[in-house]
Amino acid sequence: MASNPVLFLFLLSFLLLVSVSSSHFSSVAMKSGPLHSKKNAVANPEKVSLSLYYETLCPYCRNFIVDPLAKAINTDLMTILDLEMVPWGNAMILPNTSILCQHGEDECYLNTIHACVINIWPDPIKHFNLIQCIEEQSSAIGLGNGADASYNICAKQLGFPAKPIKYCYESGRGRQLLLQYGSKTDNLNPPHRYVPWVVVNGTPLLENYGNFVEYVCKSYGGQTLPAACGSYSTSSIPKDRSLHSVCPAGLAGPAKDPTLVQENMESLA
Ligand SMILES: *[C@@H]1O[C@H](CO)[C@@H](O)[C@H](O)[C@H]1NC(C)=O
């Protein structure tokens with residue numbers, strides 16, 4: 001009888017040891033298994049980060065997205081670029097927690113749709129294609145007319161399901177995502193003064209944002225530059241007109257009237 005508890009304890013600790021070490025081995029095996037090698041094959045540690053702080057109905061943001069940025073994204077520049085879209089711009093949170101957007105309700109709506117699209121399709125090339133299309137649509141449709149038509153048309157055209165976008169917006173998830181972009185924008189250091197506000201590896205390009213390809217290529221620390229870096233041209237946005245090519249911050253209130261935005265911008269020049 002006396003040896004039984006000892007034998008029992010011995011067996012128990014032996015079993016424990018076996019189970020602990022086998023689970024340890026299996027977790028090690030998982031970590032160094034296919035996941036690890038896949039990550040090695042894909043990761044490019046020297047990628048340059050480019051963040052675009054923008055709002056959907058600022059015409060200069062739209063011009064930047066649909067032309068120079070879209071062109072760059074269709075080149076091999078994407079092999080060295082981590083693109084981040086931040087659709088908040090010059091919006092503000094009012095004391096009653098409502099969001100006030102520079103170009104009115106349609107802009108808040110479309111900013112939220114963009115936030116949803118980015119969240120649903122985290123692959124930058126995928127969500128950028130949809131965002132580019134929505135920007136093109138909203139310019140064709142104009143303010144106040146058919147804001148919700150734009151993403152339906154684009155989803156259909158590009159073969160994305162529209163339902164997840166609708167659900168994201170209606171469930172309030174979109175608003176949460178939008179507020180996260182708001183706090184990201186408000187935490188910018190230095191703070192943004194206008195949009196489009198392009199930040200490459202933490203440095204804002206200010207009014208030189210049109211030359212982003214040059215900045216990205218020069219910031220790249222890797223061995224071989226992509227072909228896109230051999231052929232960048234200088235800005236398609238004339239430098240002397242650059243201050244006319246932004247939507248200034250701090251005008252969310254009066255800027256509801258587009259003519260006021262125009263006047264405020266002239267006074268910046
Ligand atoms: C918050 O305040 C703004 C302006 O003061 C008003 O237009 C808006 O309707 C208010 N929102 C809510 C949810 O009360």
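Of the 269 residues in the protein, 33% are buried, a residue being called buried if 20 or more other C-beta atoms, placed from the backbone, lie within 10 Å of its own, exposed if 12 or fewer do, and partly exposed in between. The model is a predicted one, in which local features need pLDDT of at least 70 and side-chain atom pairs count only at pLDDT 80 or more, while totals for chains, interfaces and linings use all residues. Residues are numbered from 1 along each chain as its sequence is written. The secondary structure comes to 10 helices and eight strands, taken as DSSP runs (H or I, at least four residues, for helices; E, at least two, for strands) numbered from the N terminus. Where contacts (C-beta atoms within 7 Å) join residues at least 6 apart in sequence, 73% of them link residues at least 24 apart.

Helix H4 (residues 105-120) and helix H8 (residues 173-186) have axes that come within 8 Å and cross at roughly 95°. H4 is therefore roughly perpendicular to H8, a term that covers angles of 65 to 115 degrees. On the H4 side, Asn111, Thr112, Ala115, Cys116 and Asn119 meet Gly174, Arg175, Leu177, Leu178 and Tyr181 of H8. The residues of this contact divide into five nonpolar, four polar and one charged.

Gly104 lies in the loop between strand E4 (99-100) and H4. Because 17 other C-beta atoms lie within 10 Å, Gly104 is partly exposed. Between Gly104 and Ala91, which are 13 residues apart in sequence, the C-alpha to C-alpha distance is 9.4 Å.

Key. Axes are lines fitted to C-alpha atoms, for helices over the stretch in contact, and angles run from 0 to 180 degrees between N-to-C directions. Angles under 35 degrees count as roughly parallel, over 145 as roughly antiparallel, 65 to 115 as roughly perpendicular and the rest as oblique. Two residues are in contact if their C-beta atoms, placed from the backbone, lie within 7 Å. Ala, Val, Leu, Ile, Met, Phe, Trp, Tyr, Cys and Pro count as nonpolar, Asp, Glu, Lys and Arg as charged, and the others, Gly among them, as polar.
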